[in-house]
Amino acid sequence: MGVLSTEEQAVVDTVRDFVDREVKPAVNEVEHSGEYPEKWIEQMKELGIYGLAVPEPWGEAPVSMPCYALVTAELSRGWMSLAGAMGGHTVVAKLLVAFGTREQQDRYLPRMATGELRATMALTEPGGGSDLQAMSTHASLQDDHYVVNGSKTWISNARRSGLIALLCKTDPAAEPAHRGISVLLVEHGPGLTVSKDLPKLGYKGVESCELIFDDMRVPTDAVLGGTPGKGFGQMMKGLETGRIQVASRALGVADAALADALRYAQDRESFGKPIWQHQSVGNYLADMATKITAARQLILHAAEKYETGQRCDMEAGMAKLFTSEIAMEVALNAVRIHGGYGYSTEFDVERYFRDAPLMIVGEGTNEIQRNVIAAQLVKRGGLDRS
Ligand SMILES: Cc1cc2nc3c(=O)[nH]c(=O)nc-3n(C[C@H](O)[C@H](O)[C@H](O)COP(=O)(O)OP(=O)(O)OC[C@H]3O[C@@H](n4cnc5c(N)ncnc54)[C@H](O)[C@@H]3O)c2cc1C
């Protein structure tokens, strides 16, 4: 619809074709097999999806945030798990590009661009994910190393990610607490155990794990950017990307749910006519399409603000809040429209209904998004209309 350059639109179209050709026909079987989608991840690597945020000299030209959002939505339209498998990776790539030392960039970004090395971020702890400043995982300086202790939970892709951007305290006594928080670039090795794969409602195929750090020795040059105490601010910037990504995942799920419901409502008949002609069903479809269109605009609005380099936590928060809530509603209404079949595991709509809640909870819950939006409204003196 004209928001992207011809080249970037071609990238989105390529991913769309991949999803329609490879993913859509087989996704239901793969979902219920519980297997890791190795083949599709390899194809995503070949398509360059892991390098979308990595610029020269380490990668090729990165795409704009609006293009990245629409690529994410396309993947998620096929299977939300595929978009999840590249979400944290992109956030870490952007963190490295924005804040990494040249040595860190040279070490990680070339392999991240191809997907040979994949990355995830570890923020959440068993004791809490919303109140990050209260985290207990800490790294104490001993001679020329940090020694890391603590645990993280719900870490996506943790087994298969060779690089973990670990948010932890390097100065637990710092006041305010965020000044004592750093991002450590951690690789698997002695002292780090992936202790558990967490069973879950949806987001199948991609592992969500608990990590235990037990006296893990990490070199001091693993601090993102080289200077400790800056990690909280760095990660908050990273989460702008993360929240636009999660909003786009929700958009993909909602798009898929509407497409299935629209098709079904034309095929299925009751009382002598296609069910979409019953006003109640038609109204569902109209509301679903209207809300999806609004959500898409909110995502593009946040993505365009991101591109200007300005702070966009409020815009990303609005996009994530609104799109995830409407995705849940759209998924439920798609189940309604399918009647009993909507409850069947033979149809895709039950998967949308199980996948949608993750985007409400993940990357900062929607209650936290509202806190961010309200705080920014006060700080900025209301909505910026310029
Ligand atoms: C499948 C999956 C994958 C995930 N992947 C990752 C990952 O890769 N990396 C990672 O670090 N984390 C990941 N997470 C964790 C996710 O980000 C957290 O679950 C989320 O941030 C909430 O943290 P919590 O679960 O500890 O809930 P809590 O912080 O305990 O919150 C519980 C409830 O209290 C509410 N609440 C808390 N504080 C406030 C407040 N100040 N105001 C209003 N309401 C509040 C919350 O909104 C929520 O409703 C993942 C989670 C899931 C389910």
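The model is a predicted one, in which local features need pLDDT of at least 70 and side-chain atom pairs pLDDT 80 or more, while totals for chains, interfaces and linings use all residues. I number residues from 1 along each chain as its sequence is written, and side-chain values use heavy atoms, with hydrogens and water left out.

I then noted that 48 residues line this largest pocket, with Thr124, Val361, Gly362, Glu363 and Gly364 nearest its centre. A pocket here is an open set of points on a 1 Å grid over the protein atoms alone, where a 1.4 Å probe fits, with protein on both sides within 12 Å along at least five of seven lines, and lining residues have an atom within 4 Å of a point.

Among the elements, I found that α7 gives the most to this lining, with 10 residues; helices (H or I, at least four residues) and strands (E, at least two) are DSSP runs, numbered from the N terminus.

Turning to the second largest pocket, I recorded 19 lining residues, of which Arg16, Ala73, Glu74, Arg77 and Asp255 lie nearest its centre. Its lining divides into eight nonpolar, one polar and 10 charged residues, and α7 supplies the largest share, six residues.

I place this second pocket between domain 1 (6–118) and domain 3 (232–380), because both give residues to its lining; the domain bounds come from an automatic or database domain assignment.

Notes: Nonpolar A, V, L, I, M, F, W, Y, C, P; charged D, E, K, R; others polar.
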